Amino acid sequence: MPVLLSRLIGAGAIFCLGCRAATRLPSKGPRSFVGIWVISASLVELVAIGLILAHTRNMLLYNINWVAEFGLLVLIGQLMNPWPRWLLVLMIVLFMSIWGLDMLTVDPLSTLVKRSVISGSLLLTAFYLWQFWRTANECPGRLLDVPEAWFFLTVLVYYEACGPLLG
């Protein structure tokens with residue numbers, strides 16, 4: 001990773017941690033998990049930069065974090081607008097199967113589990129598109145005033161592009 005890019009990512013992670021520290025979120029419910037998501041993503045990036053500076057591979061960190069991030073995003077969405085249990089279990093089993101297969105067929109120390117990231121991104125896109133659609137249809141007022149809608153759009157914009165870019 002180029003030095004400038006590492007510095008930008010590190011500065012962004014520190015900025016995110018600062019914003020999270022300055023923001024009051026509820027201690028219970030889905031919004032508390034959003035705070036955990038921001039903290040964990042920022043810490044993973046900072047640890048990855050530390051590993052780069054120590055001349056150590058960091059791909060295993062990203063490969064393991066991908067499972068945690070996927071699970072956390074599914075948990076947040078499920079707490080906001082639950083999917084039927086059978087569909088949720090199907091999505092998680094499908095994702096974990098692909099991730100496990102990827103971890104067995106590539107060198108997880110030096111290679112990103114791309115098939116897992118691509119398929120997981122598509123699964124998250126479908127999940128959060130449904131979340132956003134449901135919120136938009138049930139919102140009695142302006143959608144601009146619903147914080148969950150902004151969160152859904154954030155996840156959609158990131159993960160909708162992630163799969164095709166890696167593919």
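1. Basis. In this predicted model, local features need pLDDT of at least 70 and side-chain atom pairs count only at pLDDT 80 or more, while totals for chains, interfaces and linings use all residues. Residues are numbered from 1 along each chain as its sequence is written, and side-chain values use heavy atoms, with hydrogens and water left out.

2. Core. The largest nonpolar core has 31 residues, of which Trp 66, Tyr 128 and Phe 151 touch the most other members. Such a core is a set of buried Ala, Val, Leu, Ile, Met, Phe, Trp, Tyr and Cys residues joined through side-chain atoms within 4.5 Å. At least two residues of this core come from each of H2 (30-53), H3 (59-80), H4 (85-105), H5 (114-138) and H6 (147-166). Helices here are DSSP runs (H or I, at least four residues), numbered from the N terminus.

3. Trp 66. Not counting residues up to four places away in sequence, Trp 66 touches Phe 95, Trp 99, Val 113, Ser 116, Val 117, Gly 120, Ser 121, Leu 124 and Tyr 159. Contact means heavy atoms within 4.5 Å.

4. Phe 151. This residue lies in H6 and is buried, at 10% relative accessible area. Buried means under 20% relative accessible area, exposed over 50%, and partly exposed in between (1.4 Å probe, protein chains only). Leaving aside neighbours within four places in sequence, Phe 151 is in contact with Val 34, Trp 37, Leu 73, Ile 76, Met 80 and Tyr 128. Phe 151 and Tyr 128 are 23 residues apart along the chain, and their C-alpha atoms are separated by 9.3 Å.

5. H1 and H2. The axes of H1 (residues 3-22) and H2 come within 9 Å and cross at roughly 150°, which makes the two roughly antiparallel. Axes are lines fitted to C-alpha atoms, for helices over the stretch in contact, and angles run from 0 to 180 degrees between N-to-C directions; under 35 degrees counts as roughly parallel, over 145 as roughly antiparallel, 65 to 115 as roughly perpendicular and the rest as oblique. The residues of this contact divide into 11 nonpolar, 4 polar and 2 charged. For these classes, Ala, Val, Leu, Ile, Met, Phe, Trp, Tyr, Cys and Pro count as nonpolar, Asp, Glu, Lys and Arg as charged, and the others, Gly among them, as polar.

6. H3 and H5. Here the axes come within 11 Å and cross at roughly 10°, so H3 and H5 are roughly parallel. On the H3 side the contact includes Trp 66, Phe 70 and Leu 73, and on the H5 side Leu 124, Phe 127 and Tyr 128 are among the residues. The contact of H3 with H5 has 11 nonpolar, 6 polar and no charged residues.

7. H4 and H5. These helices pack at an angle of about 165°, with their axes 8 Å apart, and are therefore roughly antiparallel. The contact of H4 with H5 comprises 8 nonpolar, 4 polar and 3 charged residues.

8. Two asparagines. Asn 81 sits in the loop between H3 and H4 and counts as buried at 11% relative accessibility. Apart from neighbours within four places in sequence, Asn 81 contacts Trp 130, Gln 131, Arg 134, Thr 135 and Phe 152. Asn 137 lies in H5 and is exposed, with a relative accessible area of 52%.
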